Amino acid sequence: MKKQKAHLKDKTEGFFNFSDYKKTSFKIIYGIIIFLLIMFALTAIIPILWLLITSFKTVNEINSTDYHLFPKSFDIMKLINLWNKLDFGRYYLNTIIVVLGAVVCSTIFNGLLAYATGILKPAGYKIVNKLILLSYMIPSALAILPLIKQITSAGMINSYAPLWLTFGANAYYYLLFKDYFEKLPSSLIEAARIDGLNDFKIFFKVVLPISKSIIGVVAIFTMTAAYSDFLLPYLVLQDESMHTVMVAIYRLSSSTTIDASEMLMLLVLSIVPQILIFIIFQKQIMGSAQNSGMKE
């Protein structure tokens with residue numbers, strides 16, 4: 001406790017310092033900030049809790065004018081029966097295939113490009129870097145039509161490859177890698193060249209092994225983006241047996257196969273993996289990739 005007080009007294013940076021906490025006006029401002037933060041947190045949490053609770057209700061309970069927050073019973077068998085009824089594990093398997101392929105492509109392709117422009121720096125690398133930055137300014141929705149035309153002309157409809165490759169050409173992931181690679185000690189690269197390694201071997205045997213932190217950040221971002229992606233899988237994966245979780249839920253929402261209560265349960269199933277990913281990797285998600293860079 002004494003250590004905490006001493007640390008508070010030494011506080012000189014940030015929005016408030018220790019002397020500010022003694023003033024009534026600053027205490028009021030601090031209280032308002034805490035109140036707003038709590039309200040923002042509740043705004044994000046309450047809809048998820050409501051969805052979870054309501055998904056266990058029957059259709060009659062949902063449509064009833066006599067509203068009750070909690071269902072009459074929390075029957076976990078409802079979830080198991082729905083899973084078996086729709087063979088929902090197949091959609092999760094398809095989504096896992098998409099996510100794993102996207103993670104590999106986003107790591108290898110964006111990493112290689114960042115390695116070239118951030119470490120090797122061949123002739124014209126500045127032009128390449130500016131073109132990538134320019135592409136970052138273009139909304140992804142504008143590129144969807146020419147992208148689909150290219151995928152169709154290449155005969156890649158009903159293939160997971162286009163979904164993987166789109167994450168292998170992501171300007172944001174490239175910038176994360178490039179910023180990290182530029183902070184790596186140049187002595188490591190020079191030592192690897194002296195040992196006779198070529199550029200590709202240096203990337204795979206030297207650069208990647210010491211870049212686990214930024215790879216983890218990119219992998220987490222890729223997992224969440226690939227899992228929640230709807231439009232491109234919807235357009236590319238026209239075979240129902242290849243649908244991902246998001247596409248399957250959209251298709252089922254317009255069918256008579258399930259009722260409103262079961263639809264809510266499917267939404268719960270769809271958000272659980274993302275919540276788990278955030279809980280497990282929240283430090284990496286919230287942390288800055290710049291702080292994980294290495295300097296000589």
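Of the 296 residues in the protein chain, 33% are buried, where buried means under 20% relative accessible area, exposed means over 50% and partly exposed lies in between, with a 1.4 Å probe and protein chains only. The model is predicted, so that local features need pLDDT of at least 70 and side-chain atom pairs count only at pLDDT 80 or more, while totals for chains, interfaces and linings use all residues. Residues are numbered from 1 along each chain as its sequence is written, and side-chain values use heavy atoms, with hydrogens and water left out.

The protein chain contains 16 helices and 0 strands; helices (H or I, at least four residues) and strands (E, at least two) are DSSP runs, numbered from the N terminus. Contact denotes heavy atoms within 4.5 Å. Among contacts between residues at least 6 apart in sequence, 72% join residues at least 24 apart.

Helix packing was examined with axes, which are lines fitted to C-alpha atoms, for helices over the stretch in contact, and with angles that run from 0 to 180 degrees between N-to-C directions. Angles under 35 degrees count as roughly parallel, over 145 as roughly antiparallel, 65 to 115 as roughly perpendicular and the rest as oblique. Helix α2 (residues 24-54) and helix α15 (residues 260-280) have axes that come within 9 Å and cross at roughly 135°, which means that α2 is oblique to α15. The crossing of these two helices, α2 and α15, is left-handed; a crossing is left-handed if the near helix is turned anticlockwise from the far one by less than a right angle, and right-handed if clockwise. On the α2 side, I48, L51, L52 and T54 meet L264, L267, V268, I271 and I275 of α15. By class, this contact of α2 with α15 has 8 nonpolar, 1 polar and no charged residues, where Ala, Val, Leu, Ile, Met, Phe, Trp, Tyr, Cys and Pro count as nonpolar, Asp, Glu, Lys and Arg as charged, and the others, Gly among them, as polar.

Helix α15 also packs with α4. The axes of α4 and α15 come within 11 Å and cross at roughly 90°, so α4 is roughly perpendicular to α15. Here K78, L79, L82, W83, K85 and L86 of α4 meet S261, E262, M265, L266 and L269 of α15. The classes in the contact of α4 with α15 are 7 nonpolar, 1 polar and 3 charged residues.

A further packing involves helix α5 (residues 89-120) and helix α11 (residues 199-207), whose axes are 11 Å apart at an angle of about 110°; α5 is therefore roughly perpendicular to α11. From α5 the contact draws on I108, G111, L112, Y115, I119 and L120, and from α11 on D199, F200, I202, F203, F204 and V207. By class, the contact of α5 with α11 has 10 nonpolar, 1 polar and 1 charged residues.

In helix α14 (residues 245-253), the residues V245, M246, V247, A248, I249 and L252 are buried. The buried residues of α14 pack against α4, α5, α12 (212-228), α13 (231-236) and α15. Helix α13 includes L232, which is buried because its relative accessibility is 7%. Not counting residues up to four places away in sequence, L232 touches I144, L147, I148, I151, L163 and T166. L232 and L163 are 69 residues apart in sequence, yet 7.2 Å apart in space, C-alpha to C-alpha.

The structure holds 17 aromatic pairs. Rings of Phe, Tyr and Trp (its six-membered ring) pair if their centres lie within 6.5 Å, and planes under 30 degrees apart count as stacked, over 60 as edge-to-face and the rest as tilted. F88 and Y92 form an edge-to-face pair, with 5.7 Å centre to centre and 80° between the planes; both F88 and Y92 are buried. Y180 and F181 likewise form an edge-to-face pair, at 6.4 Å centre to centre and 75° between the planes. Y180 counts as buried at 2% relative accessibility, and F181 counts as buried at 1%. One aromatic cluster is formed by Y115, F177, Y180, F181, F203 and F204.

Most residues other than glycine have a negative phi. D87, in the loop between α4 (76-86) and α5, has a positive phi near 50° and is partly exposed, with a relative accessible area of 43%. N158 has a positive phi of about 60° although it is not a glycine. The loop between α7 (140-153) and α8 (161-167) contains N158, which counts as partly exposed at 32% relative accessibility.
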